[in-house]
Amino acid sequence: MLTVIDTVKGSGIPLRGNDIDTDRIIPARFLKCVTFDGLGENAFADDIAGLEAQGKVHPFRDPKYAKGTVLVSNRNFGCGSSREHAPQALKRWGVRAIIAESYSEIFFGNCVAIGVPCFRVSHDVADKILTWIEEHPSEELVTSTQDRTLTMGGEVIPLELADGPRGQFLDGSWHARAVLMSHADDVEKLAGKLPYMKFLAR
């Protein structure tokens, strides 16, 4: 079944900083897993430990943001290695949408593939949203893929999302396996016409 992803509702997670790479999102030692289960609890593990050593709290360990679903950051988010574990870790932590100034292209594509919209905003708008979340940690944010907007404290803020990924979220084609399964009858008919499939069926 194709799943449409339009509205994402929830409180925000402010993650200030440029060039937050995939090695920081999920450190390499956690990539030994056979499945992606459990990655969420290790998101930003090294950053969290580093801040704790300084007596500080990372947003992903701050109780104020524990139920956050809309992650907001700055420039070049998700840069570095192409590991698909990074968006998987964020989604399994609870992130359902991301707003940032820009993204690594591969990270962006990996997010589309698991149904996490990544919206773009200018530096000034990102700072405005980050500050608002810090001042209203439990307040709800609402992103709309259809309208390309963020509703924040009664204000509607335009978001950028290219037509291609926007269309995938709105027609469900972001989920490659679901698209394949929706045409299962056609696939089976075609497979029946392929001579080598008879040998594979033996």
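Phe-107 touches Thr-22, Ile-25, Phe-77, Gly-78, Ala-86, Pro-87, Leu-90, Ile-98 and Cys-118, with residues up to four places away in sequence not counted. Contact here means heavy atoms within 4.5 Å. The model is predicted: local features need pLDDT of at least 70, side-chain atom pairs count only at pLDDT 80 or more, and totals for chains, interfaces and linings use all residues. Residues are numbered from 1 along each chain as its sequence is written, and side-chain values use heavy atoms, without hydrogens and water.

The largest nonpolar core holds 51 residues. Such a core is a set of buried Ala, Val, Leu, Ile, Met, Phe, Trp, Tyr and Cys residues joined through side-chain atoms within 4.5 Å. Buried means under 20% relative accessible area, exposed over 50%, and partly exposed in between (1.4 Å probe, protein chains only). Phe-60, Phe-77, Leu-90, Ile-98 and Phe-107 touch the most other members. Two or more residues each come from α2, β3, α3, β4 (97-100), α4 (105-113), β5 (118-120), α5 (123-135) and β7 (149-152). Helices (H or I, at least four residues) and strands (E, at least two) are DSSP runs, numbered from the N terminus. Helix α5 gives the largest share, five residues. In soluble globular proteins, nonpolar side chains tend to be buried together.

Helices α3 and α4 pack at an angle of about 50°, with axes 8 Å apart. Axes are lines fitted to C-alpha atoms, for helices over the stretch in contact; angles run from 0 to 180 degrees between N-to-C directions. The two helices are therefore oblique to each other. Angles under 35 degrees count as roughly parallel, over 145 as roughly antiparallel, 65 to 115 as roughly perpendicular, and the rest as oblique. Ala-86, Pro-87 and Leu-90 of α3 meet Phe-107, Asn-110 and Cys-111 of α4. Asn-110 is buried, at 19% relative accessibility. Beyond its neighbours within four places in sequence, Asn-110 contacts Ser-82, Arg-83, Glu-84 and Pro-87.

The whole structure contains four aromatic pairs. Rings of Phe, Tyr and Trp (its six-membered ring) pair if their centres lie within 6.5 Å; planes under 30 degrees apart count as stacked, over 60 as edge-to-face and the rest as tilted. Phe-60 and Trp-93 have ring centres 4.2 Å apart and planes at 40°, so the pair is tilted. Phe-60 lies in the loop between α2 (45-53) and β3 (70-72), and Trp-93 in helix α3 (residues 85-93), 33 residues apart. Phe-60 is buried at 4% relative accessibility, and Trp-93 is buried at 16%. Ring pairs join Phe-44, Phe-60 and Trp-93 into a cluster.
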